[in-house]
Structure formats: structure tokens, C-alpha cells
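This note concerns aromatic rings and the groups placed around them. Please read the points below alongside the sequence and the model.

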Amino acid sequence: MRKFLTALSLVLASVVVSAQMPGMGGGNRGGGPQMNGSFYGKVIDSITNKPVDAASVQLLINKYDSVSKKRKDVILDGMLTQANGDFRLENVPVMGQVKLMISAIGFKPFQKSLSLIDMKTMQSMRSNTGGQDMMSMLGNLDKDLGNIKLVIDEKILSNVTVNSTKPLVQLAIDRKIYNVDKDLMATGGTAVDVMKNVPSVSVDIDGNVTLRNNTPQIYVDGRPTTLTLDQIPADQIQSVEVITNPSAKFDASGGTAGILNIVLKKNRKAGYSGNIRAGIDERAKINVGGDINVKQGKVNVFASANYGQLKSISNGTTTRSTFFKPPYTNLIQKDKNVNDGYFMFGRAGFDYFLDNRNTITVSGLAVRGNFEPYTLSNIFVDTILSTGNKTSYTSRNANTSGNFRNLGTSLSYLHNFPQNGHQLSADINYNRSRNKNSNLIMNDIFAVIGGPQTSSYDQQQVGTGSFKQFNAQTDYTNPFTPTSKIEAGARMSQRDVDSKNDIGVLLPDGSVTILAPLSSNYKYTDRVFAGYGTYSGRIKENFGYQVGLRLESSDYKGTVHSSVKSGTGFADTSSSYSNSYPISFFPSLFLTQKLKGNQDLQLNYSRRINRPNFFQLFPFTDYSDSLNLSRGNPNLKPEFTNSIELAYQKTFPKSNSLLISVYYKYTTDLITRYQSQEINPVTDSLVFVNTYINANSSFVGGLEIISKNKLAKWWDITTNLNLYTSKINSNDPLVTTVGQVNSWFAKINNSFKLPYSMTLQLSGDYNSKTVLSPGGSASAGGGGMGRGFGPNVSGSAQGYSQPTYGVDAALRYEFLKNKAASLTLSVSDIFKTRKSDVITQAYSFTQESYRTRDQQFFRLNFAYRFGKFDVSLFKRKNLKSEQESMQSGMQGAQ
């Protein structure tokens with residue numbers, strides 16, 4: 001027996017040495033089994049001796065890289081410790097040294113060189129003729145490292161406080177991140193107020209948002225949303241991500257614009273934290289709200305609520321000259337609109353950490369609002385020169401009462417594989433909203449102002465509707481080598497719209513006669529199916545690339561119930577319309593070159609689609625404003641856009657950076673607004689109808705510069721300049737476009753740290769003459785309910801806007817321990833210069849509409865922040881953003 005063990009010892013030793021030692025066969029060439037072992041142990045806190053959960057444990061070996069001709073560390077195995085601090089690492093070579101690296105949030109990194117069997121032990125075994133050492137070696141193939149104590153990093157913990165330390169703007173080569181906590185002027189407002197200071201974004205006085213002069217897609221937490229921007233409180237927003245040219249990973253919808261991703265607040269620090277806030281504006285309208293987040297053990301619970309009152313006042317004047325038949329007329333319409341109402345926002349949910357690698361998140365959202373806008377209009381009509389003698393004066397009073405409700409829920413699952421960055425996620429989102437509006441329009445008509453009333457015409461419109469949206473999505477990410485990664489996913493989306501509009505005439509006895517040809521009842525469903533795949537790689541250390549392909553198909557169908565003129569009366573009719581778009585391919589390409597001196601260069605390309613939304617397709621004519629009718633066009637086709645962008649970024653010392661982008665976008669079948677003249681089926685008079693058409697094509701090209709500078713310890717400044725040219729081409733001889741227009745947009749944001757714990761923010765913006773943004777998309781999320789009034793002056797191929805500019809300011813005073821409380825005073829449009837001045841031209845009319853809204857508006861807000869940060873509760877945050885952070889940190893350690 002002893003001879004057998006001795007022989008076996010020598011054979012095994014020879015195999016191990018030849019397999020593991022350099023110059024002894026170069027590895028397992030014979031194809032036989034190679035002996036490997038394992039390490040195991042426990043990670044604990046050096047002070048409390050409590051186990052450290054979710055610590056990153058990695059085992060590395062130094063090897064020669066034949067590509068780079070250098071030696072480098074290669075990961076043999078890795079994992080995150082269990083809840084009891086245990087870990088186990090497999091595939092450890094019997095011979096040779098390896099490096100053990102352990103890191104955890106709040107602790108100093110741990111590093112140690114180890115080996116299962118060192119050379120001294122092996123040599124001793126070779127000279128020994130007994131089997132005792134052989135059995136010892138076999139036992140060492142599974143080695144216990146005992147308790148490994150991690151030391152708390154006091155430096156890191158001293159920087160961890162409840163309040164944020166992020167800068168106002170973070171620039172990356174593929175996106176810009178705007179941190180709302182640092183935006184004083186948005187305090188107490190809505191997402192519309194947030195967007196006013198976001199680089200590359202422009203906001204008009206009605207809250208309509210454009211990104212490089214086109215309507216972007218609005219996302220909330222990385223997913224499309226049914227909410228409009230004025231339904232999202234600014235105090236609930238953590239940051240806004242601006243993605244000007246999305247890759248194949250994102251929805252192809254959106255056309256010439258990019259994506260604005262609103263990231264809602266959700267504190268993930270161990271312990272508890274929250275804030276309460278209240279504010280009032282110059283019209284005595286209040287807002288109150290609060291957040292709470294508790295992270296304990298395997299559960300992270302979050303909740304937030306907000307209530308806000310609104311009173312918005314707007315004044316405007318519209319002038320129109322009409323030439324399509326004598327007598328030619330001039331119209332002057334003066335409007336005053338007051339929108340009074342409130343909205344409530346609530347959100348709650350929880351993360352449940354099943355174990356270190358699996359997380360389930362459930363959240364719900366509820367939004368409701370009530371608005372009662374009213375508009376007073378004085379309308380003067382007079383003939384032009386000798387074309388006739390016709391004058392009239394109309395006093396119009398339009399009163400609206402409306403409300404909306406929105407309920408949403410989401411369920412998501414995230415699985416983390418042992419390798420950092422290797423993830424599988426799936427989520428389901430469902431939203432349902434409904435609205436009800438009642439609009440009473442009373443017209444008193446006079447031959448001349450001050451004269452006797454000649455007639456009256458009172459109209460009532462009642463509308464109800466519901467909207468449902470369902471999204472299901474799954475994503476998979478696998479960084480299968482240190483320099484390459486694949487991503488893939490699939491998505492399905494369905495929207496269901498049901499709406500009814502009854503338009504009638506109010507009779508002297510108070511009864512209402514419904515005008516059947518002007519009323520409608522419609523239902524609409526659209527679906528989008530998509531799948532994508534991307535591959536990212538790196539050549540050497542300085543050149544990276546990503547290629548991607550997205551496939552999408554969609555269909556829609558709708559039914560309209562209305563009445564049409566038949567002989568001397570009207571007949572009920574029902575019509576259906578539908579379309580199905582085949583699978584379309586949307587490639588993307590991103591190339592990144594790192595240059596010397598903290599410089600980066602990126603070239604990217606993508607193809608995108610903008611499908612017509614329901615209101616652009618819906619063939620019903622809206623007669624709520626007898627002077628400005630609107631109707632969709634069911635024959636619209638989707639528009640396709642090819643975008644290319646070249647970006648350069650330079651990072652300077654002391655938090656200074658420069659980002660320069662050159663971009664070009666070419667769109668075919670551009671969806672654009674168009675005004676035509678038609679016959680009113682009730683009055684048989686000629687009227688203007690605002691509708692949509694597919695123009696032939698369009699292009700926009702420009703240069704954008706964003707600079708972030710720290711001019712002094714107390715002064716930070718972010719500047720944004722966008723120079724661009726655009727043109728809409730149309731084959732329709734009746735459509736007179738404004739031609740190619742060169743425009744520019746500038747924005748500047750200053751932040752001053754003042755004595756006595758005060759901060760001053762001062763910002764300004766300027767928009768030059770601009771071709772009006774085309775048709776846009778359903779996900780625009782602009783001003784929302786109750787903002788619009790008066791003539792329809794929306795963008796079209798036939799119009800442009802005049803220059804406008806404005807200046808805003810805010811002052812914040814922080815007090816109490818750790819600056820937990822603050823008072824913020826803000827004022828928008830200090831010099832009363834912001835306006836909407838839109839000029840529209842066609843072969844039969846010219847129109848100019850000039851409006852202002854809420855000039856020199858003051859708001860005062862109070863906020864109090866609280867929380868307790870428990871170091872012993874540091875756990876693994878099983879979420880994508882933190883996984884990426886951990887991965888980048890480990891790469892830096894290597």
C-alpha cells in the first residue's frame with residue numbers, strides 16, 4: 001500500500017508540475033484532466049465582526065497576452081458574497097500564485113497573493129517517499145481562507161450624506177445628464193420648468209418642448225410614458241438624460257428627434273431618508289409634497305406624493321388677412337386666457353432582493369388633475385380696401401371644465417449572473433388614463449363695436465375618453481470578455497384609445513341640440529413589436545465600437561362613428577381604417593476613439609421612424625373653434641430619418657469640459673402641419689382646416705457646443721450654443737414653404753455660491769427666427785391640459801417663429817445642521833421678454849399670432865431633508881446603474 005501511495009504521489013506531482021509550471025509542457029497539451037482546486041472563506045466587518053453581504057470577490061492570475069505582447073491580470077473566477085458573508089472560488093490552479101481582490105461599498109479594498117501549493121511544498125513532496133504528504137496535498141486542493149476582515153473606509157463614509165453632491169450638468173459623449181436637485185428655478189414647478197435649463201432643449205411659453213428644433217420622445221425611468229410634462233412634479237425628478245442619437249437598443253420611434261429620459265427619485269441608500277416641501281406663488285397657489293425611502297435587509301420601500309395648484313394667465317393677439325374670395329378681410333382677435341386648477345401625483349413601490357443575484361421591483365403611480373380654463377376673446381373683422389363693405393365684432397366667452405386620471409403599475413425582475421455586468425431583466429408596464437371635458441362657447445355678434453347686438457351663437461362641446469397602454473420588455477447583457485459585450489432584447493407595446501365628442505348648439509331655452517355631423521365616437525388600437533441586438537468591442541485600449549440592429553413592425557386599426565350630409569339631412573355612418581407596416585430595419589453604429597490629453601472623439605449613425613399618432617390620423621374634424629378647425633389625415637405614412645453625428649469632448653482640470661457636436665438629419669415623407677380651405681357642412685361657409693400631410697423631405701444640420709466651466713470656487717457656468725439650418729421640401733404646388741432658414745439657439749446657466757450658505761442661479765436663453773417644428777409625435781408630452789386657446793398657430797411647412805429671449809433667477813438659503821432645510825425664491829422671465837410670435841403664410845391668407853404667458857412670475861418654496869445612513873446595512877444594490885458603477889470600479893482596480 002505504501003509503495004502504491006508513493007508511486008501515485010510521484011505521478012500526480014509530475015502531472016501537476018508539467019501542467020502548471022512554465023517550461024514544463026506549456027499546459028494540458030495531452031488533453032487529459034487538469035487538477036484544479038478552490039478557495040473558500042467568509043468576509044466580515046473588522047469592527048462589528050458581522051458578515052459583509054454582496055462584497056465583490058475576484059480571483060486573478062497574471063498571464064502573457066499574445067496580442068498586446070504584455071502580461072496582464074485575467075479573471076479566473078468571481079462572485080458576490082452571500083448574506084452570511086460566505087464565498088467560494090473554483091478553478092484555482094494547483095501551482096502558481098493568484099491574486100485575491102475583495103471590495104465592498106464603504107470598506108477599503110482587500111488584496112492578497114495566494115497559492116494552493118507553493119514550490120517549497122512541492123519540492124518537499126518529491127523528496128518524500130511516504131504517502132502522508134500526498135494526502136495533505138489532496139486536502140489542500142480545497143483551501144479555507146478563514147475570516148477575512150474588511151476595514152471601514154472613513155474617507156468614503158465621510159462623503160456619504162443624504163444630500164446630493166453631483167454637479168448640475170454631467171457631459172458624456174453619448175448623452176448629457178442634468179441633475180435636477182441642483183436646479184433652483186425648477187423647485188416647486190413641473191417637468192416643464194426643469195426642461196428650460198436642460199442643454200440642447202428649448203421650451204416655448206406653452207410648455208412645448210423641442211430637442212434641436214424637433215419634438216423628442218419622453219421617457220420615464222427608461223420607458224415611454226403616457227404622462228405629459230406638466231403632470232410630473234419637478235420635485236419628483238432626480239435627473240434628465242438627453243440622448244440626441246439613440247442606438248438600436250432604444251425604440252426606433254421618434255423620427256428626427258432624440259429621447260428625453262426623466263429619472264424619478266428613488267433613494268437606494270441603506271437606512272432611511274426623505275424630505276418634505278411646501279411652496280406658494282405670487283397668485284397664492286400652493287404646492288406641498290414629500291418623499292420617503294427605507295432600505296432594510298432584503299426590502300427597499302419608496303413612496304412620494306405631491307399636490308399643486310395652478311393659475312396661469314396668458315394674453316394674445318392674432319391678425320389674419322384672408323384672400324380666397326371677395327370680400328377680402330382683415331381679422332384681429334384679442335384673447336385673455338386664465339387656467340385655474342390643481343393636480344396630484346403619487347408614487348410608491350418596493351424592491352425585494354430575493355438573494356444576491358435576483359431582485360423584484362413593484363411600483364404604482366397615480367395622477368389626477370382638474371382644470372377650469374376660460375378665455376375671453378374680442379374678434380374684429382373688416383374688409384380690405386375696395387373688395388366690399390363688411391364689418392363685424394364678436395365677443396366670445398369660452399369656459400371649459402376638465403379633469404383627467406392616470407393609473408399605472410409596473411413589475412420588473414433583474415437577475416445578475418456571477419460576472420459583473422452580466423444581466424437579464426424583464427418588466428411589464430400598464431397605464432390607464434381617462435379624461436372628461438365640457439366646453440361652452442358663447443358668441444355675441446355685433447355689426448360694429450358699441451352698436452346693438454345683431455345675433456348670438458352658443459356652442460357646447462362635451463368630450464370623454466380613455467387611454468390604455470401596455471408594454472412588455474426584456475433585455476439581456478453579457479460582457480463575455482473584458483473588451484466585448486453583447487446586448488439583446490425584445491419589446492411589445494399596445495395602445496388603446498376610446499373617445500367620444502358631442503358638439504351641439506345651445507338654444508335660448510337652455511336645451512342643447514347635438515350637431516351630428518360635427519360629433520364623433522372613435523376607437524383606436526396600435527401595436528409595435530420590436531427586437532434588437534448590439535455588439536460592443538474594443539481594439540487595444542483607445543478604440544471602441546458598437547454595431548446594432550433593431551427590427552420593428554407595427555399595425556393600427558380604428559373605427560369612427562359620425563354623420564354625413566345626405567340630401568337635405570344627415571345620415572349616421574361608421575367607417576373603419578387600418579394599416580400594417582411590415583418589418584423595418586434600423587441599424588446603428590457608434591465609433592469612439594480616445595485621444596491623448598483626456599480627449600474623446602465619437603462618430604455615430606442611426607436610422608429611425610416617426611409613425612403618425614392617433615390625432616394626426618383621426619379623420620374627425622374638430623369644430624370647437626369655428627375660426628380654426630382641425631382634422632387628422634388617415635392617409636399619412638410614417639417618416640424615416642437617417643441621422644449622423646460627430647462629437648468631440650475635452651475634459652480639462654478642475655471640472656472644466658467642452659463638448660462639440662456636428663449633426664445632420666435627413667427625413668423622407670416628413671409629417672407636417674398644413675392649412676387648407678374647405679366648406680363647413682353646417683353653415684356652408686368657407687373655413688380653414690388645420691390638418692397634416694407628408695411633405696417630400698426635410699433636412700436639418702447644425703453645430704452644437706456645450707461648455708461647462710468652473711470660473712472660480714464660487715462660480716460655475718454652463719453654456720450651450722446650437723447653430724443649425726433646416727428646410728422642408730414639398731411637391732404640393734399649393735404648399736408654400738418658407739424655404740431654408742438659418743437659426744441659432746443659445747442658453748447660459750450660472751451658479752454662484754454666496755456667503756451665509758446661499759446659492760444664486762441665473763440663466764438666460766435666446767431663440768432666433770426658426771422654422772416651426774413639424775408635426776411632432778404622440779409622445780411629445782408638451783404643455784398638456786388647459787394650456788392652449790385661441791387660433792391654432794402650431795407649426796407647419798408654411799410658418800416660422802420670430803426671435804424670443806428671457807432671463808430667470810433663483811436664490812436658495814440653506815440652514816439647520818448639515819443644511820437640512822432650505823428656502824428658495826425663484827422668478828421666471830424677469831424682464832417680461834418671452835413671447836410666442838408665430839407667422840403663418842399660404843396662398844390664400846397670412847396670419848400672425850403674438851402671445852405672452854406668466855411673465856415675471858415669482859415662487860417661494862421650503863424644503864426639509866431628513867435621513868439616517870446605517871453603515872452596517874451596506875448591501876448589494878441589485879440595479880443596473882450600480883452594477884455598471886461596480887464594474888467600472890473593478891476595471892480601474894485591475
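1. K769 lies over the face of Y800, at 4.3 Å from the ring centre. A charge counts as sitting over a ring if NZ of Lys or CZ of Arg is within 6 Å of the ring centre and within 35 degrees of the ring normal. K650 is likewise placed over the face of F652, 5.4 Å from the ring centre.

2. The model is predicted, so local features need pLDDT of at least 70 and side-chain atom pairs count only at pLDDT 80 or more, while totals for chains, interfaces and linings use all residues. Residues are numbered from 1 along each chain as its sequence is written, and side-chain values use heavy atoms, with hydrogens and water left out.

3. The structure holds 18 aromatic pairs (rings of Phe, Tyr and Trp, the last by its six-membered ring, with centres within 6.5 Å; planes under 30 degrees apart are stacked, over 60 edge-to-face, the rest tilted). One of them joins F323 and Y328: the ring centres are 5.9 Å apart and the planes stand at 75°, so the pair is edge-to-face.

4. Y535 and Y545 form a tilted pair, with 6.0 Å between centres and 40° between planes. Y535 belongs to strand β26 (residues 520-539) and Y545 to strand β27 (residues 543-566), ten residues apart; strands are DSSP runs (E, at least two residues), numbered from the N terminus.

5. Ring pairs also link F380, Y393 and F446 into a cluster.

Note on methods:
Helices (H or I, at least four residues) and strands (E, at least two) are DSSP runs, numbered from the N terminus.
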